[in-house]
Amino acid sequence: MDAESEGDIGLGSHIHTSVSLDISRKWEKKNKIVYPPQLPGEPRRPAIRGMSIDQALAQLEFSDKKGAQIIKEVLLEAQDMAVREHNVEFRSNLYIGK
């Protein structure tokens, strides 16, 4: 029996190195710079408040948070309801309240 058939690692195998760990540390550092954690007494940051409905839907489209998809569906339903029941002429003239 040769060494490869017994389960030894061959020269062509991929071994985890610490290089990939350095990349994740850089990502964590960048994330802290771009989106620092919110302090306990700090007022809430507006996510989509004050945006037009088109801008808000575009922001929610690329969010991977669980609630983003739900809010997007609610906004689309509210947009349709405004046109049908409240005689809003242009769909894009709607804004998210502050």
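This is a predicted model: local features need pLDDT of at least 70, side-chain atom pairs count only at pLDDT 80 or more; totals for chains, interfaces and linings use all residues.
Visitor: How many helices and strands does the protein have, and what pattern do they follow along the sequence?

Guide: The secondary structure consists of three helices and zero strands. Read along the sequence, the pattern is α-α-α.

Visitor: What share of the residues is buried?

Guide: Of the 98 residues in the protein, 14% are buried. The accessible surface comes to about 8900 Å², and 56% of that surface belongs to carbon and sulfur atoms.

Visitor: Which residues does Leu-57 contact, leaving aside its neighbours within four places in sequence?

Guide: Leu-57, itself a member of the largest nonpolar core, is in contact with Lys-72, Leu-75, Leu-76 and Gln-79 once those neighbours are left aside.

Visitor: Is Ser-52 buried or exposed?

Guide: The cut-off for a buried residue is a relative accessible area under 20%. Ser-52 has a relative accessible area of 11%, and therefore counts as buried. Ser-52 lies in the loop between α1 (19-34) and α2. Leaving aside neighbours within four places in sequence, Ser-52 is in contact with Leu-94 and Tyr-95.

Visitor: What share of contacts between residues at least 6 apart in sequence joins residues at least 24 apart?

Guide: Among such contacts in the protein, the share is 42%.

Notes. Residues are numbered from 1 along each chain as its sequence is written. Side-chain values use heavy atoms; hydrogens and water are left out. Helices (H or I, at least four residues) and strands (E, at least two) are DSSP runs, numbered from the N terminus. Buried means under 20% relative accessible area, exposed over 50%, partly exposed in between (1.4 Å probe, protein chains only). Contact means heavy atoms within 4.5 Å. Accessible areas come from the Shrake-Rupley method with a 1.4 Å probe; for residues, only the protein chains shown count as cover. A nonpolar core is a set of buried Ala, Val, Leu, Ile, Met, Phe, Trp, Tyr and Cys residues joined through side-chain atoms within 4.5 Å.
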